[in-house]
Amino acid sequence: MANTENHKIIRVNMTEMSVNIKDFREDWKYLGGRALSARILLEECDPGCDPLGPKNILVLAPGVLSGSSAPTSGRLSVGCKSPLTGGIKEANVGGNPGQDLLRLGYRAIVVTGQPAAREKRWGLEIKPEGVRLVAADDYAGMWNYASCEKLFSHYPQTASAISIGPAGERMYKSASVACTDRERERRPARHAARGGVGAVMGSKCLKWILVDPGKAPTRKPANPSAFSAFHKKFSKDYLAARHKTFEWGTSAVIPVANMLNTFPYRNRTAGRNPHFEGLDGARIRESFEKRGGGMHNCMNGCIVKCSNMVHDKDGNYVTSALEFETLTLLGSCCDINDWEEVAILDRLCDELGMDTIEIGAAIAVLMDSGGMQWGDANAAKALLKDEIAKGTDLGVLVANGVSSVGRKRGHHRVPMVKGQAVPAWDPRSMKATGVTYATSAMGADHTAGLVINPAIGGEAAVLASQESQIVNAVCDSSGFCLFLQPSIDEIRQFYNAFFGDELSNEALADIGWQCLQEEWEFNRRAGFSSEDDDMVKCLREEGIGPDNAIKFDIPRDLLAKAKVRQPVSDTLFYGTAAG
Ligand code: SF4
């Protein structure tokens with residue numbers, strides 16, 4: 001019988017160096033991933049705290065269905081108060097740790113406090129026999145790939161790992177939390193990238209978390225026949241229709257994005273890149289035949305397989321996945337128009353443990369303000385290897401993100417919301433997505449509510465954004481990957497078959513709305529106001545497209561409507577999640 005009675009929360013206090021295993025609250029059954037992280041942070045974290053101090057809390061929570069056989073359902077949410085935005089943050093990630101944690105019955109890891117000896121490094125070992133902190137000083141300063149290779153020389157290759165690179169240890173505001181993928185090599189190629197969550201893990205001197213599920217079984221549904229029947233139907237329908245979108249990964253969208261003026265070029269001074277072919281995902285796809293690599297799934301049970309594994313000319317692995325967002329921010333926005341150069345930059349970001357969106361945007365502002373030549377891939381690589389990795393003044397400036405570079409260089413064009421860089425999808429041509437950037441508690445984050453529709457603006461864009469924000473909050477709490485594109489109605493059917501309940505679409509949408517409200521409330525307590533829910537001036541005043549006429553033009557009073565619950569429509573229940 002599927003229930004939560006054996007579920008636990010791991011509580012780690014890094015001040016006392018203690019680990020306690022606590023029962024999971026039965027009334028939190030439908031709180032997983034992002035919604036669980038928001039609830040714990042709102043209840044336990046002081047919103048006014050220093051994000052890098054002992055009062056911040058790091059939450060790592062798999063989704064409601066993680067560890068089960070539901071397809072593509074093992075996402076892991078990483079939450080905290082963000083050092084980048086000063087507000088609440090949730091970034092979620094694939095790989096196997098989410099699946100492995102819930103196979104062991106753990107609904108969350110909650111890390112509090114801070115060790116007095118800041119030079120020490122610690123690992124958290126989670127095994128079927130128990131959970132303990134272990135000394136990890138010999139991992140200090142290691143890059144992610146070498147660090148995980150060393151880790152798996154001590155632990156079974158069937159385990160998974162969550163780790164930070166030097167960027168997290170140095171507490172850079174762009175630092176990510178890496179998860180190992182399901183490949184035999186257990187590569188730390190998947191990243192909870194946004195908002196500096198890796199800096200918070202680094203502030204707690206926690207270098208890695210190792211999850212060894214041993215022989216723990218997959219979670220069993222309460223109603224196996226109903227679960228299996230819906231699983232089969234959903235998977236068949238998905239593979240027949242929706243799968244086309246991500247068959248070759250997100251990089252395949254580049255020609256269309258360029259046509260729609262949402263492939264920003266040279267720090268968003270244009271919506272189209274005249275050299276987009278050099279970054280088109282088709283080039284990556286063509287490389288598979290001669291070089292190897294190809295499409296794969298990053299976690300056990302994923303039926304989408306959207307992740308491309310990229311090899312160099314000699315057939316050696318370089319990185320995975322090389323995505324639309326990375327090709328846009330580290331490529332097109334910097335006028336670096338060669339996918340192979342971007343692949344190397346992506347690998348460097350993964351090695352150091354940094355958000356490719358934030359770093360790409362920060363380099364683009366550096367270039368736009370005269371601090372580096374447009375298109376200079378070698379200078380960008382040197383910046384990562386010689387400045388950021390070593391912590392020089394320039395390195396720290398860029399690694400602290402777009403806001404840090406813009407402020408220091410006194411530049412007027414700094415595309416960000418709440419201190420976080422604007423992702424690839426441009427808010428001027430995709431206005432509903434712009435509403436999400438302006439109003440989400442996360443700052444500019446496409447995964448908080450992506451609407452790919454250039455035809456809507458005004459009130460319609462605000463309503464579309466709100467619906468997308470609710471659907472994505474439900475999806476990010478379920479464990480499903482956004483690229484599976486489930487609707488609220490489909491997630492409800494999975495939940496009901498799994499738990500043997502009769503949850504309604506309205507009740508599930510309410511859980512998503514509650515999550516958004518708790519995130520907004522955290523930010524309100526942290527000092528944010530309606531003044532912060534706006535689009536940055538440069539994207540309101542500087543247009544793109546024909547005659548530079550496409551601008552973000554939704555007035556602030558209309559934006560406020562996105563945070564007032566609108567009447568429920570069928571598109572809320574049957575519209576699909578997007579990221
Ligand atoms: S859809 Fe892509 S990102 Fe999501 S779990 Fe599968 S391979 Fe990973």
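This is a predicted model: local features need pLDDT of at least 70, side-chain atom pairs count only at pLDDT 80 or more; totals for chains, interfaces and linings use all residues.
Residue numbers start from 1 along each chain as its sequence is written.

Two packed helices are described by the angle between their axes and the distance between the axes. Axes are lines fitted to C-alpha atoms, for helices over the stretch in contact, with angles running from 0 to 180 degrees between N-to-C directions. Helices (H or I, at least four residues) and strands (E, at least two) are DSSP runs, numbered from the N terminus.

Take helix α1 (residues 33–44) and helix α16 (residues 458–478): their axes cross at roughly 90° and come within 4 Å. That angle is why α1 and α16 count as roughly perpendicular to each other. On the α1 side the contact (C-beta atoms, placed from the backbone, within 7 Å) uses Gly33, Arg34 and Ala35, and α16 brings Ala473, Asp476, Ser477 and Ser478. By class, that makes two nonpolar, three polar and two charged residues. Ala, Val, Leu, Ile, Met, Phe, Trp, Tyr, Cys and Pro count as nonpolar, Asp, Glu, Lys and Arg as charged, and the others, Gly among them, as polar.

Some of those names come back around Asn92, which sits in strand β5 (residues 88–93). Leaving out residues up to four places away in sequence, Asn92 touches Gly33, Arg34, Arg75, Leu76, Ser77, Ala192 and Asp476. So is Asn92 buried or exposed? It is buried, because 29 other C-beta atoms lie within 10 Å; the cut-offs are 20 or more for buried, 12 or fewer for exposed, and partly exposed in between, with C-beta atoms placed from the backbone.

Val396, in helix α13 (residues 393–399), is partly exposed because it has 17 C-beta neighbours inside 10 Å. Val396 and Lys173 are 223 residues apart in sequence, yet their C-alpha atoms are 9.2 Å apart.

Now for another helix pair. Helix α9 (residues 324–331) and helix α11 (residues 356–368) pack at about 20°, with axes 7 Å apart, and are therefore roughly parallel to each other. Their contact involves Glu325, Thr326, Leu329 and Leu330 of α9, plus Thr356, Ile357, Ile359, Gly360 and Ala361 of α11. Those residues split into five nonpolar, three polar and one charged.

Note on methods: Two residues are in contact if their C-beta atoms, placed from the backbone, lie within 7 Å. Angles under 35 degrees count as roughly parallel, over 145 as roughly antiparallel, 65 to 115 as roughly perpendicular and the rest as oblique.
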